[in-house]
Each structure stands twice: as structure tokens, then as C-alpha cells.
Amino acid sequence: MADAPERIRIDKWLWQARFCKTRGLAQELVQGGKARVNGQRIDKPGRAIGPGDVLTLRLGKGQDARICVLRVLDCGTRRGPAVEAQTLYALLEPEG
């Protein structure tokens with residue numbers, strides 16, 4: 001992805017990486033305090049992230065919630081197929 005920007009809004013990245021079905025849901029996740037960037041809790045969907053940042057996400061609700069820790073590898077340029085989305089990050093800890 002040679003044309004990928006160096007930094008991207010976290011809500012857009014979560015949508016492109018297929019962690020959220022819509023950007024609106026990605027914004028809700030961030031505004032709900034369910035995201036951390038490099039260990040710091042964030043609540044603004046416009047927060048820029050880039051390669052090397054470590055994200056901690058709380059996905060799901062209640063008993064079905066799981067914590068996902070990952071490193072951003074690329075910003076991407078579009079919401080492509082799942083195989084392409086998986087190249088944007090590396091899981092650091094197994095989901096569970």
C-alpha cells in the first residue's frame with residue numbers, strides 16, 4: 001500500500017481494518033472509552049494513529065466482551081476484503 005497516509009483517524013482505521021461494520025460504530029467504540037492508544041485511554045474518534053502504535057480494544061458487550069491488543073502496521077487506503085484488512089495490523093495477544 002504505497003499510497004497509504006502516514007497517519008489516519010482511528011475511527012476510519014477501525015472501519016478499514018474491519019473491527020467495526022461502520023464508521024459510526026467505530027466512533028461509538030472510541031467515544032465509549034473502549035479504546036486505548038499506546039496505553040492511554042482515548043475518547044475522540046479523530047485521534048490520529050499510525051504504524052507502530054499499539055491499540056487495546058474492548059470488543060463486544062457484557063459477558064461476550066473480549067480484549068484485543070494489536071500493533072498498527074499500515075494505515076491503508078480503503079476498506080477492502082478481509083485478507084487485505086488483516087495486513088493492517090498484527091495481534092500482540094490472542095483474543096479471549
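Colour the chain by secondary structure and walk it from the N terminus: the elements run β-α-α-β-β-β-β-β-α-β. That gives 3 helices and 7 strands, where helices (H or I, at least four residues) and strands (E, at least two) are DSSP runs numbered from the N terminus. Keep in mind that this is a predicted model, where local features need pLDDT of at least 70, side-chain atom pairs count only at pLDDT 80 or more, and totals for chains, interfaces and linings use all residues. Residues are numbered from 1 along each chain as its sequence is written, and side-chain values use heavy atoms, with hydrogens and water left out.

**Zoomed out**

Stay with the whole chain for a moment. Its C-alpha atoms fill a box of roughly 40 × 25 × 25 Å along the principal axes. The radius of gyration, taken over C-alpha atoms, is compared with a globule rule of 2.2 Å times the number of residues to the power 0.38. A compact globule of 96 residues would come out near 12 Å, and this chain's 12 Å agrees with that.

The chain exposes about 5,600 Å², with carbon and sulfur atoms supplying 47% of it; the areas come from the Shrake-Rupley method with a 1.4 Å probe, and for residues only the protein chains shown count as cover. Of the 96 residues, 38% are buried, meaning under 20% relative accessible area, while exposed means over 50% and partly exposed lies in between (1.4 Å probe, protein chains only).

**Helix α2**

Select residues 23-31, which form α2, and show side chains for Ala-26, Leu-29 and Val-30: these are buried. They sit on the same side of α2, because they cover an arc of only 95° around the axis (the arc is that of the directions from the helix axis to the C-beta atoms).

Next, pick Gln-16 in helix α1. Buried or exposed? Gln-16 is buried, with a relative accessible area of 2%. Leave aside neighbours within four places in sequence, and Gln-16 is in contact with Ile-8, Cys-75, Gly-76, Thr-77, Arg-78, Arg-79, Ala-85 and Leu-88.

From that list, hop to Thr-77, in the loop between β6 (66-72) and α3 (82-85). Thr-77 is partly exposed, at 44% relative accessible area. Draw a distance from its C-alpha to that of Thr-87, 10 residues apart along the chain, and you get 12 Å.

**Two positive phi values**

Two last stops are for the backbone. Arg-18, in the loop between α1 and α2, has a positive phi of about 65° although it is not a glycine. Arg-18 counts as partly exposed, at 39% relative accessibility. Then go to Asn-38, in the loop between β2 and β3 (40-41). Asn-38 also isn't a glycine, yet its phi is positive, about 50°. Asn-38 is partly exposed too, with a relative accessible area of 44%.

How values were computed. Contact = heavy atoms within 4.5 Å.
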